[in-house]
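Subject: Structure handover: helix packing

Hi,

Here is the structure for your files.

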Amino acid sequence: MRVSQLYAPTLRETPAEAEVVSHQLMLRAGMIRKAAGGVYTYLPLAWKVLKKIEAIVREEMDAKGGQELLMPIIQPAEMWQETGRWDVYGEEMFRLRDRHSRNFCLGPTHEEMITTLVRSDVRSYRQLPLLLYQIQNKYRDEIRPRFGLMRGREFIMKDLYSFDRDEAGLDESYNKMYDAYSRIFSRCGLEFRPVEADSGAIGGSGSHEFMVIADSGEAAIAFCSACDYAANVEKAELQAIEVEADGTAVLPLERVATPNMKSIKEVTRFLGMDATRIIKTIAYQTDKGPVLALVRGDHEVNEIKLKNKLDCLYLELANEAVIAEVLESCAGFLGPVKAQNVTVVADHTVMLMRDAVCGANSQDVHYLHVQPQRDIQPAIVADIRLIQENDPCPRCGAPVKTARGIEVGQVFKLHTKYSQALNAVYLDENGKEAPMVMGCYGVGVSRTMAAAIEQNHDENGIIWPVPIAPYQVIVVPVNAKDAAQMALAEKIYGELSAAGVETILDDRNERPGVKFKDADLIGYPLRVIIGPKTLQEGKVEVKVRRSGEIEFFAIEQCSGKVK
Ligand code: ATP
Ligand code: MG
Ligand code: MG
Ligand code: MG
């Protein structure tokens, strides 16, 4: 490839809409362009990188016995209604109707589709296990599409589904995929960690997320310095709040079961909130019914109406002085209120139960906004404290370390959740019918590309890990008008290409500074520079993008060394 022909319109300025480095650099390097919020065109350089990641994913899936297929993006509503997810999935699902008013969605994931497929064709235990996968666009109408490819509304995912006879088979498939995922992200040249995860909306139990370590990661992870414990902090939190404190109602959010919300992650996802920023959760009864309040670190409160019946949870005020202050301030218009009927709902908001005062309906609830002289310390029902650096490891007690991570993949044990809902059964050795035991395993292919940049860049641009670089080497003649330089550049470019090194030649009539800046921005791992000195001294300068190290090789040795 020649740079003069490459469709990679680079930008000098950082586009204002891009908040994270990968988004900024992919725009600047002419790799992606936005079509709509969370929807992007991949230009040739990006597409090359994506194909490399896909190739690695394919090889590792195939090595474990995975078989590739391709399912439709358009999925009929009926199969989603069978599992109940048509209602549960909520607004994140892109829905559409055909001309006959039949309902469809654009696949956010494919458990329904694949289980429906397999149930109609697989009858016998002899046909199991099956590992089926595809690499395809997925559609999720994310409430906040942002960070470029990190959280798109259309994105590329590899999804594999395993079908086994029993739990032992599932364990085996799961371990295979866990191993394959570790190999995939190592082969991509990324620093990553598998962590224990909460299985969220997909359901089932037993799950790991694969996290690329990067400061910009949305997830907080904790890992032990002594044993192999590593978890998504959200998961660690959920475990922590399941402890019931005596007297005070502690609310494990997982138990706030509403038809549409399963866990704190689902609740927060539903609201477009970052679960890691919620510092407390409070449930209480209002005249509108039970309500769950999520209080964020910046003290913004989101109230969610709960569909289930929920008994009022009394909170204890942490601070006697505050109680007195609140009682005093409301006595004037409500009459005397007993302390146990006062509840701090959130900072500066107090809920009063009037029933004890005037014998009114216990649903008769008043809110009072108080502006105290000093900060109120609200009573905390569920204190969702993030695991912090040096907290004791839940497994062995040694101090944990923390890091930020980008979720690039996740493996789940689904057990029989979908096979039961969709009646995907087989006949075992004794002719007895049994549900297939399933797992599902996703890699965010386009997110992996973005994560690679988040982890590998400097102030000048991207630094591609060699295995996923769009080209491994760029050959730059300093002066393209100099025939001798150009001829030598062509020669080295030809030799490298012939040796199977993916090479690009910057044949543009540009100043060297411009060429070097573009090469750094796009992030080719090696730059071969051919200048006046090369011709005089017979030495080619080779610069390593990552380290900035420069080495000189004799012209005739160059291709051999670079290769
Ligand atoms: P997140 O927690 O970031 O919303 P998820 O847990 O909903 O992701 P999964 O259902 O586990 O995602 O999907 C498998 C993989 O697909 C994820 O690990 C991630 O790499 C990728 N992925 C999910 N949502 C997006 C998205 N909106 N944009 C790009 N990649 C995504
Ligand atoms: Mg999601
Ligand atoms: Mg997730
Ligand atoms: Mg996930």
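Predicted model: local features only at pLDDT ≥ 70, side-chain atom pairs only at ≥ 80, totals over all residues.

Residues are numbered from 1 along each chain as its sequence is written, while chains are lettered from A and ligands numbered from 1 in the order in which they are written.

Helix 2 with helix 12

Helix 2 covers residues 44-63 and helix 12 covers residues 445-455 (helices are DSSP runs of H or I, at least four residues, numbered from the N terminus). Their axes are 9 Å apart, at an angle of about 115° (axes are lines fitted to C-alpha atoms over the stretch in contact; angles run from 0 to 180 degrees between N-to-C directions). The two are therefore roughly perpendicular (65 to 115 degrees). The crossing is right-handed (the near helix is turned clockwise from the far one by less than a right angle). Helix 2 brings Ala46, Val49, Leu50, Ile53, Glu54 and Val57 to the contact; helix 12 brings Val445, Ser446, Thr448 and Met449 (contact: C-beta atoms, placed from the backbone, within 7 Å).

Helix 2 with helix 6

Helix 6 spans residues 167-187. Its axis comes within 9 Å of that of helix 2, and they cross at roughly 150°. That makes the pair roughly antiparallel (over 145 degrees). This crossing, too, is right-handed. Ile56, Val57, Glu60 and Met61 of helix 2 meet Ala180, Arg183, Ile184 and Arg187 of helix 6.

Best wishes

Notes:
Parallel < 35°, antiparallel > 145°, perpendicular 65-115°, else oblique. Contact = placed C-beta atoms within 7 Å.
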